[in-house]
Amino acid sequence: MAILPIVKYPEPVLKKRATNVNRVTAEIRRLIDNMAETMYDAPGVGLAAPQIGKSLRVIVVDPTGEEAKQLIVLVNPEIVSAEGEVIGEEGCLSVPGIRANVKRWAKVRVKGYDPIKEKTVEIEADGLLARIFQHEIDHLDGMVFLDRLGRVKRELLRRRYLKRLNEVLKRGKRK
Ligand SMILES: [Zn+2]
């Protein structure tokens with residue numbers, strides 16, 4: 001297993017629709033292991049394959065953020081039903097330093113292939129878990145949480161983020 005570098009916004013891979021996975025090969029299983037390890041190390045509560053530079057429809061989620069406590073792995077996940085609305089704060093490992101309130105479905109039903117159980121599963125989620133699923137599935141559709149905000153707020157946060165990112169890059173070059 002390996003901890004992989006997390007791709008930062010606005011890298012193109014984060015804006016692309018990720019490809020369906022037709023078969024869970026040994027390579028995909030390795031990718032999943034590495035994604036889980038990278039998520040726990042970050043630490044984070046969810047990670048989508050595009051965030052480590054692989055444009056594939058794979059997500060790992062653990063609402064506890066604690067190593068292997070409640071790990072959920074889904075291949076080709078999709079939201080099959082949703083209800084209610086709730087606003088809550090979000091951040092993203094690919095958009096470090098920025099947090100914002102995002103409106104999401106309150107409850108979702110997510111369907112996908114579970115490579116641990118080796119079958120298709122449906123998971124009903126609310127609260128934090130519902131929010132994480134929506135956030136991670138957005139990544140597979142080439143969206144980050146900033147894209148869910150109103151235009152004014154989005155531009156403000158985007159500019160603030162890019163400015164900080166430039167400063168970090170400049171500092172890195174000087175070393
Ligand atoms: Zn994210």
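Helices here are DSSP runs of H or I with at least four residues, strands are E runs of at least two, and both are numbered from the N terminus. Residues are numbered from 1 along each chain as its sequence is written. The model is predicted, so local features need pLDDT of at least 70 and side-chain atom pairs count only at pLDDT 80 or more, while totals for chains, interfaces and linings use all residues.

**View 1. The whole chain, end to end.** There are 3 helices and 5 strands to find here, and from the N terminus they come in the order α-β-β-β-β-β-α-α. The radius of gyration is 16 Å, close to the 16 Å from the globule rule for 175 residues, so the chain is as compact as a globular protein of that length. (That radius is taken over C-alpha atoms, and the rule is 2.2 Å times the number of residues to the power 0.38.) Along the principal axes, the C-alpha trace spans about 50 × 40 × 30 Å.

**View 2. The open sheet.** Five strands line up as E1-E2-E3-E4-E5, with antiparallel pairing; two strands pair if DSSP finds at least two bridges between them. E1 (46-48) and E5 (119-126) sit at the edges with a single partner strand each, so one side of each has no neighbour in the sheet. On average, neighbouring strands are turned by 30° against each other, direction ignored. Axes here are lines fitted to C-alpha atoms, for helices over the stretch in contact, and angles run from 0 to 180 degrees between N-to-C directions.

**View 3. E2 meets E3, with H1 packed on the sheet.** E2 (residues 58-61) pairs with E3 (residues 72-90) in the antiparallel sense over 4 bridges. Look for isoleucine 59, whose bridge partner in E3 is leucine 74. Helix H1 (residues 26-41) packs on the sheet and touches E1, E2 and E3, its direction making about 40° with that of E2. Contact means that C-beta atoms, placed from the backbone, lie within 7 Å.

**View 4. H2 across the strands.** Helix H2 (residues 127-140) lies across E1, E2, E3, E4 (100-114) and E5, at about 80° to E4. Among the buried ones are Leu129, Ile132, Phe133 and Ile137, and the cover over the buried residues of H2 includes E1, E2, E3, E4 and E5. After H2 comes glycine 142, with a positive phi near 75°.

Conventions: Two residues are in contact if their C-beta atoms, placed from the backbone, lie within 7 Å. A residue is buried if 20 or more other C-beta atoms lie within 10 Å of its own, exposed if 12 or fewer, and partly exposed in between; C-beta atoms are placed from the backbone.
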